[in-house]
Amino acid sequence: MKKNTFKFFFMFIFLLVPMHVFAEGSLGNFSFDASQVSHPYDMINSKGEVIKYEEYSNDNAQFNNEIPSVEGTGEISPVQIDSLIENHSYIDITPPPVIINDDSIASAPILITPRIVIGDDSREKVENTKEFPYSAITYIELEWPDGTSGSCTGTLIGKNKVLTNGHCVIDSKTKDSITSAKVYPGVNNSVGLFGSYNVNDYAVAANWATTGSSSEDFAVLVLDVSKDNKQAGDVAGTLGIRQVNTLLNQNIDIFGYPGDLMQASGEISQFGMGGYITREDASVAFYTIDTAPGQSGSALINRDNQIVGVHRGSFVINGNPMNGGPKMNTYMFNFVTKALE
């Protein structure tokens with residue numbers, strides 16, 4: 001997987017981040033007792049503690065099938081982000097796409113790549129990330145145990161909670177996990193308009209941690225307050241969540257921080273594109289919306305600014321390139337609502 005380490009490769013230079021930007025503390029080494037896992041959506045945190053799905057799904061029975069969006073105060077606390085760093089190594093977390101054929105879906109490999117532009121590139125820059133919902137779309141800097149670094153996209157779903165991909169925090173093959181991470185909401189032209197927030201914990205689904213299944217490639221990050229004691233969601237806002245059974249033919253938007261376009265401009269900025277869900281199964285939605293490295297973890301956002309899934313990466317389905325990611329089915333919805341507590 002992401003064990004291919006490169007230096008100064010132009011297509012990934014935008015993923016480099018400086019050592020000094022991360023918190024002095026560490027998230028620690030991820031490990032857990034696999035014998036405690038009994039359900040694909042058992043919740044595992046950064047300390048390896050397991051919460052059983054059957055326990056928290058019953059706890060969440062009182063929830064409706066959606067959580068509303070909340071706009072933030074919009075209070076600005078600009079933070080400059082340095083991203084193009086010389087003499088710094090990084091790790092490639094973009095393995096080959098998932099190959100799916102209709103006659104052998106069950107045996108399809110579970111590899112990923114959060115990168116594919118299909119046909120003409122239709123992504124457009126978000127010019128004003130002060131506005132909601134763009135303010136709640138976060139740039140995430142990550143550091144791995146060997147000192148290499150990378151980036152993902154996430155979305156604020158609570159005052160101190162961010163939804164992103166599981167592969168942004170744990171390598172399911174090696175069980176290596178991030179040692180630190182920093183979140184910047186509403187980034188534009190390399191400025192985090194709403195401050196920066198260190199990650200102090202995360203939660204992943206057991207089936208991601210054990211098998212790397214695309215269906216469970218999501219994570220919820222837990223944030224510290226900013227240096228001026230602000231909660232990220234209070235100032236930047238939070239996107240709502242909607243449990244869905246089907247998304248076929250529905251229109252969604254994907255916003256994030258694609259490295260190829262940032263590399264071209266030399267700045268970290270938010271880009272997005274809309275499109276339709278053209279295929280789905282019980283847990284994954286597929287679409288031809290353009291993405292690139294750095295957009296791993298971007299939310300699938302419906303017309304009501306609700307999250308209905310999370311972008312994971314590229315697939316080749318019956319020989320055709322597509323993008324896709326886990327959709328907010330009942331299992332994922334229960335997981336996320338539990339993580340919001």
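Author: Let us begin with the surface. The accessible surface of this protein comes to about 13000 Å², and carbon and sulfur atoms account for 48% of that area. Please keep in mind that the model is predicted.

Reader: How many helices and strands does the protein have?

Author: The protein has five helices and 24 strands.

Reader: What percentage of the residues is buried?

Author: A residue counts as buried when its relative accessible area is under 20%. Of the 341 residues in this protein, 60% are buried.

Reader: Which residues does the disulfide join?

Author: In general, a disulfide is a covalent bond between the sulfur atoms of two cysteines. This structure holds one disulfide. The bond joins Cys-152 to Cys-168, with an S to S distance of 2.1 Å. Cys-152 belongs to strand β10 (residues 149-158), while Cys-168 is in the loop between β11 (161-164) and β12 (180-185); the two are 16 residues apart.

Reader: Why is the disulfide left-handed?

Author: The disulfide of Cys-152 and Cys-168 is left-handed because the torsion about its S-S bond is about -90 degrees.

Reader: Are these two cysteines buried or exposed?

Author: Cys-152 is buried, since its relative accessible area is 0%. Cys-168 is buried as well, with a value of 1%.

Reader: Which residues are joined by a cis peptide bond?

Author: The general idea is that most peptide bonds are trans, and that most residues other than glycine have a negative phi. Here a cis peptide bond joins Phe-132 and Pro-133, with omega at about 15 degrees. Pro-133 is placed in the loop between β8 (124-125) and β9 (137-143).

Reader: Where is Ser-190 found, and what is its phi?

Author: Ser-190 is in the loop between β13 (187-188) and β14 (191-192). Although Ser-190 is not a glycine, its phi is positive, at about 65 degrees. With 5% relative accessibility, Ser-190 counts as buried.

Reader: What is the phi of Asn-305?

Author: Asn-305, which is not a glycine, has a positive phi of about 55 degrees. The loop between β21 (299-301) and β22 (306-310) holds Asn-305. Its relative accessibility is 26%, so Asn-305 counts as partly exposed.

Key:
Residues are numbered from 1 along each chain as its sequence is written. This is a predicted model: local features need pLDDT of at least 70, side-chain atom pairs count only at pLDDT 80 or more; totals for chains, interfaces and linings use all residues. Side-chain values use heavy atoms; hydrogens and water are left out. Helices (H or I, at least four residues) and strands (E, at least two) are DSSP runs, numbered from the N terminus. Buried means under 20% relative accessible area, exposed over 50%, partly exposed in between (1.4 Å probe, protein chains only). Accessible areas come from the Shrake-Rupley method with a 1.4 Å probe; for residues, only the protein chains shown count as cover. A disulfide is a pair of cysteine sulfur atoms within 2.5 Å.
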